[in-house]
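Please look at the chain below and follow how its parts pack.

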Amino acid sequence: MSAPRILPAGPLRITPLPAPPRGTWRVPGSKSITNRALLLAALADGESRLENVLQSDDTRHMREGLEALGIEVVELDATTWIVRGGRARLRPPARTLFVGNSGTTVRFLTALAALVPGEVTLAGDAHMAKRPIQDLVDALRALGVEVDCPTGCPPLTVRGGSLPGGRITMRGDRSSQYLSAMLMAGGLAAAPLEIVIDGTLVSRPYVGITERMVADFGGRIEAGNGRFVVTPTGGYRARTYVIEPDASAASYPFALAAASGGEILVPDLGPDALQGDVAFADVLARAGAHVERTPAGTRVAGRRLRGVDEDMHHISDTVMTLAAIAPLADGPTMIRNVANIRIKETDRLAATVAELRRLGQFVEHGDDWLRIEPRPIVPAVVRCYSDHRMAMSFAILGAVREGVAIEDPACVAKTYPGFWDDLGALYDAQGAPRDW
């Protein structure tokens, strides 16, 4: 893997491609799967080999946190890591674990910390200090784990050593990562763990990823009727695990093809993909694109883009991708049931509304919805709010229409450090100039 291109200081102007792009866009490994695989391999006795690992800020924070807790990670190459794990390796860290603004890292490591014999403190950046974690704290406390979390957001301290089993109730409407954290740590609980979900579970496909991966590493989860039961099996099994491409990242090439009239194949993300965000391609199909899934990958070909009315509750990481290309549709776009995006890296609903309006669009919104009526684009610098998905989503709009600049292009490093190189390759294929 080549090093990502050095970006210019200040806003990055995106010039439109001179022709609809056609070709292949190979996205990196899934962040969600990489961080789950790292945690499960850390808890598995022996040596696991992880292939197609994503190298990003979020996965770096997870790796460094696990290493500080006694797990050994060896990098064979940029995308192949050896993890030497097991519960016996876990020890209290010598320092506070810094998680940046990585939600998966802080939530997964908080649950794992219950198994560490001693005190674990986790803290992040200024944005993380505003991201709620009280639901997970309450779940651990209900099982008898001692947790200090004065504000309901990081920093927090866990005093662990054992994760008791038992029956608890967790809210389901804010983040599925709280549940996933408990399901993975629960494989090493002292007794069976039953979790009852109060309300509708947000982002259910991500919990499905957790269930399948726990089974792949030898764990046992039974689910049904709003409840999950984790039966400890004596520990996870070390193994070789290949991480599939990131479906959320694939939304950007898919959206570019749909919005431009081009045709782009994302390899190795086919009909058997684990990640629910592959359903974004179905949203594009309803918006007029042609979508073809084969074992080789998913191909999207653009046609006339039309407005759609979509409930995106379960694929909320792709909300901004759809919203960013909505100005190019021939009618309004309605996005519903997405209140949970307000507690991501930023308040994504408010941020998306603000930047679309900055670009001249007519946008209405409520607590869990937004509606976009296309208008001519007013040239503007799109603010990113330190949110990688704001930068990548609106870059796609800029690749199709004049007038878009990205305030903080480097923030894509959180999950996709090579994004600008991969987008730039489409410009290079057409001999088109670009400012990065």
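Predicted model: local features only at pLDDT ≥ 70, side-chain atom pairs only at ≥ 80, totals over all residues.

Pro 232 touches Gly 186, Gly 187, Ala 189, Ala 191 and Pro 192, leaving out residues up to four places away in sequence. Touching, or contact, means heavy atoms within 4.5 Å. Pro 232 sits in the loop between strand S13 (227-230) and strand S14 (236-237). Helices (H or I, at least four residues) and strands (E, at least two) are DSSP runs, numbered from the N terminus. Pro 232 has a relative accessible area of 24%, so it is partly exposed. Buried means under 20% relative accessible area, exposed over 50%, and partly exposed in between (1.4 Å probe, protein chains only).

Residues are numbered from 1 along each chain as its sequence is written, and side-chain values use heavy atoms, with hydrogens and water left out.

**A buried loop glycine**

Gly 172 lies in the loop between strand S10 (166-171) and helix H5 (176-185). Is Gly 172 buried or exposed? Its relative accessibility is 0%, so Gly 172 counts as buried. Gly 172 touches Ile 197, Asp 198, Thr 200, Leu 201 and Val 202, again not counting residues up to four places away in sequence. The C-alpha atoms of Gly 172 and Ala 395 are separated by 32 Å, and the two residues are 223 apart along the chain.

**Helix pairs**

Two packed helices are described by the angle between their axes and the distance between the axes. Axes are lines fitted to C-alpha atoms, for helices over the stretch in contact, and angles run from 0 to 180 degrees between N-to-C directions.

| Helix pair | Axes come within | Crossing angle |
|---|---|---|
| H2 (57-68) and H3 (103-113) | 9 Å | roughly 20° |
| H1 (31-43) and H6 (204-216) | 11 Å | roughly 35° |
| H7 and H11 | 9 Å | roughly 15° |

Take H7 and H11. Their axes cross at roughly 15°, which makes H7 roughly parallel to H11. Angles under 35 degrees count as roughly parallel, over 145 as roughly antiparallel, 65 to 115 as roughly perpendicular and the rest as oblique. H7 passes H11 in a right-handed crossing. A crossing is right-handed if the near helix is turned clockwise from the far one by less than a right angle, and left-handed if anticlockwise. Ser 248, Ala 249, Tyr 252, Ala 255 and Leu 256 of H7 meet Arg 389, Met 392, Ser 393 and Ile 396 of H11. That contact has six nonpolar, two polar and one charged residues. Here Ala, Val, Leu, Ile, Met, Phe, Trp, Tyr, Cys and Pro count as nonpolar, Asp, Glu, Lys and Arg as charged, and the others, Gly among them, as polar.

H1 passes H6 in a right-handed crossing. On the H1 side, Ser 32, Ile 33, Arg 36, Ala 37 and Leu 40 make the contact, and on the H6 side Tyr 206, Ile 209, Thr 210, Met 213 and Val 214. These residues divide into seven nonpolar, two polar and one charged.

H2 also passes H3 in a right-handed crossing. Asp 58, His 61, Met 62, Gly 65 and Leu 66 of H2 meet Thr 104, Thr 105, Phe 108, Leu 109 and Leu 112 of H3. By class, five are nonpolar, four polar and one charged. His 61 counts as buried, at 7% relative accessibility. Beyond neighbours within four places in sequence, His 61 is in contact with Phe 98, Val 99, Gly 100, Ser 102 and Thr 105.

**The cores**

A nonpolar core is a set of buried Ala, Val, Leu, Ile, Met, Phe, Trp, Tyr and Cys residues joined through side-chain atoms within 4.5 Å. Which members of the largest core touch the most others? Among its 76 residues, they are Trp 25, Leu 256, Phe 394, Ile 406, Phe 419, Trp 420 and Leu 423. Helix H7 (residues 247-260) gives the most to this core, with ten residues. Apart from this core lies another, of 74 residues, including Leu 122, Leu 140, Leu 183 and Phe 217.
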